[in-house]
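Keep the structure open beside you as you read.

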Amino acid sequence: MDIRERFLDHVKNLGWELSPGQLEQFDRYMKLLVSRNRSVNLTALTEERDVYIKHFFDSLTVVKQVPMDKVEALIDVGTGAGFPGLPLKILFPDLRVVLLDSLRKRVDFLKDVIRELELDRTEAIHGRAEEIAREKEFRERFDVAVARAVARLPVLAEFCLPFVRVGGWFVAMKGPEAEKELEEAGGALQKLGGGEVHQEALSLPEGMGERRLLSLRKQSPTPSAYPRRPGIPAKNPLR
């Protein structure tokens with residue numbers, strides 16, 4: 001059984017099934033990623049099995065914390081090569097997805113993927129979260145803001161929660177050492193309008209690593225003071 005067939009089974013274990021067309025989109029995405037990675041630093045993982053499990057499957061684990069079939073709009077903050085936003089878009093084709101990254105070369109790659117995979121209601125935006133979150137078009141307009149391996153939780157919350165509507169979800173995809181970040185982030189989450197954090201430990205299939213999903217529902221609007229100017233959240237995290 002090759003990695004594509006195993007990937008189908010792993011996704012079924014999450015409670016979802018991929019059509020042949022969706023599986024073809026994942027395959028094309030993988031080939032575009034590996035090809036472009038020769039000229040642009042997109043990922044350290046280029047073996048098929050690594051891409052399918054550590055990027056594609058890992059991205060789809062968001063379904064364990066959020067009822068994605070009920071979500072209309074998602075923003076992926078610091079998306080890099082498109083994770084988790086693009087795999088979620090492939091699985092849920094009606095989803096509106098915004099992919100935000102501060103590096104122009106990555107955004108150019110994402111635009112090529114969107115075009116090649118013919119993904120509608122999907123856009124890649126070049127910019128910093130601290131600035132884009134202040135634009136009326138984006139502030140508190142999303143059901144879900146998600147980020148994977150971007151920054152520590154107090155900083156990440158200030159990047160992401162201003163995008164989330166009240167009642168929506170913020171999801172931080174972390175490694176197994178997430179507990180200390182949770183302790184650091186209590187004050188920041190409260191200031192930014194966040195509610196109680198739910199933590200879920202999970203193991204990637206085929207023995208490929210441990211992960212932690214941290215999620216919360218937004219309880220109140222984010223005060224207009226946040227996010228602070230570019231660079232300030234990382235230099236002086238909220239407490």
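A residue counts as buried when its relative accessible area is under 20%, with a 1.4 Å probe and protein chains only. This is a predicted model, where local features need pLDDT of at least 70 and side-chain atom pairs pLDDT 80 or more, while totals for chains, interfaces and linings use all residues. Residues are numbered from 1 along each chain as its sequence is written, and side-chain values use heavy atoms, leaving out hydrogens and water.

In helix 2, the buried residues are Gln22, Leu23, Gln25, Phe26, Asp27, Tyr29, Met30 and Leu33. Helices here are DSSP runs of H or I with at least four residues, strands are runs of E with at least two, and both are numbered from the N terminus. Among the elements covering those buried residues (contact means heavy atoms within 4.5 Å) are helix 1, helix 3, helix 4 and helix 5.

Now for the open space. A pocket is an open set of points on a 1 Å grid over the protein atoms alone, with protein on both sides within 12 Å along at least five of seven lines; its lining residues have an atom within 4 Å of a point. Volume is the space filled by probe spheres set on the points, which are joined across faces, edges and corners.

The largest pocket has a volume of about 440 Å³. Its lining has 25 residues, and Val77, Gly78, Arg148, Ala149 and Val150 lie nearest the centre. Strand 7 gives the largest share of that lining, 4 residues.

Terms used
Buried < 20%, exposed > 50% of the residue type's maximum accessible area, 1.4 Å probe, protein only. 1 Å grid on protein atoms, 1.4 Å probe; cavity = no way out; pocket = protein on both sides within 12 Å on 5 of 7 lines; lining within 4 Å.
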